[in-house]
Amino acid sequence: MKRFILPTVLLGGLVALLAAGLGLDPRHVPSPLIDKPVPAFALPTLADPERVVTQHDLYGKPYLLNAWASWCPSCYQEHPLLMQLAAREIPIVGLNVEDERSAAIGVLTKTGNPYSMVLVDADGRSRIDWGIVATPETFLVDASGVIRYKHVGPLTLDDWQQTLGPMMHRLTQQSASAGDSDTSKLGAIQ
């Protein structure tokens with residue numbers, strides 16, 4: 001009888017851990033990069049492969065960094081919202097991950113380009129540095145290049161209205177009080 005007590009307790013503990021895990025939202029994956037500077041990078045742009053952009057080039061105002069690819073079905077799902085945000089002049093930097101240049105250009109030509117610039121991570125090294133598991137993922141970066149939030153999966157209107165929009169508005173106001181940005185374009189997306 002005593003020999004069954006330890007395995008029963010261990011099995012019960014394992015079942016409890018698994019049950020707790022089932023209650024978690026997989027879109028809210030904690031990132032060790034929150035409140036840390038963006039990873040160092042030097043990446044070419046999709047529009048001009050000869051132009052190389054570093055993290056320092058993006059300092060000055062808050063922006064969203066959206067990891068995407070032409071082969072990503074979920075990226076098409078969030079694309080209309082990204083277009084709405086771009087129409088409101090929300091700065092969005094694209095990170096095109098492990099994609100063919102012609103395919104990425106083709107998608108943006110066909111569906112519209114919501115990005116102020118698209119960085120190309122052809123070999124996936126920056127993807128690893130950013131901790132990107134799967135596309136799409138979106139990061140909110142403040143004016144001094146610090147990651148403030150990570151969203152896993154396609155953005156929805158609710159995600160924008162409840163979380164990212166208010167955070168972006170707050171960061172933009174802080175940046176504007178320092179004399180850097182205009183917050184008038186950050187009204188609610190309908």
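**Close-up views of a predicted model**

**View 1. The kinked helix α5.** Helix α5, which spans residues 157-177, bends by about 45° at Leu-164, shortly before the proline Pro-166. The model shown here and in the views below is predicted. Buried residues of α5 include Leu-164 itself, together with Asp-159, Trp-160, Gly-165, Met-167 and Met-168. Further along the helix, Leu-171, Thr-172 and Ser-175 are buried as well. Among the elements that cover these buried residues are the strands β3 (63-68), β6 (137-141) and β7 (147-152), and the helix α2 (73-87).

**View 2. The disulfide of Cys-72 and Cys-75.** The structure contains 1 disulfide. The sulfur atoms of Cys-72 and Cys-75 lie 2.4 Å apart in this link. The link is right-handed, with 90° about the S-S bond, and both cysteines are buried.

**View 3. The salt bridge of Asp-35 and Arg-148.** The closest N and O atoms of Asp-35 and Arg-148 are 2.7 Å apart. This pair joins distant parts of the chain, 113 residues apart: Asp-35 belongs to the loop between α1 (5-22) and β1 (42-44), and Arg-148 to strand β7. Asp-35 is exposed, at 51% relative accessible area, whereas Arg-148 is partly exposed, at 30%. Both residues also belong to a network of salt bridges with Asp-142.

**View 4. The salt bridge of Arg-127 and Glu-98.** In this pair, the closest N and O atoms are 2.9 Å apart. Arg-127 lies in helix α4 (residues 125-130), and Glu-98, 29 residues apart from it, lies in the loop between β4 (92-97) and α3 (101-111). Arg-127 is buried, with 14% relative accessibility, while Glu-98 is partly exposed, with 36%.

Conventions. Residues are numbered from 1 along each chain as its sequence is written. This is a predicted model: local features need pLDDT of at least 70, side-chain atom pairs count only at pLDDT 80 or more; totals for chains, interfaces and linings use all residues. Side-chain values use heavy atoms; hydrogens and water are left out. A disulfide is a pair of cysteine sulfur atoms within 2.5 Å. Buried means under 20% relative accessible area, exposed over 50%, partly exposed in between (1.4 Å probe, protein chains only). The bend at a residue is the angle between axes fitted to the seven residues ending there and the seven starting there. Helices (H or I, at least four residues) and strands (E, at least two) are DSSP runs, numbered from the N terminus. Contact means heavy atoms within 4.5 Å. A salt bridge is a side-chain nitrogen of Lys or Arg within 4 Å of a carboxyl oxygen of Asp or Glu.
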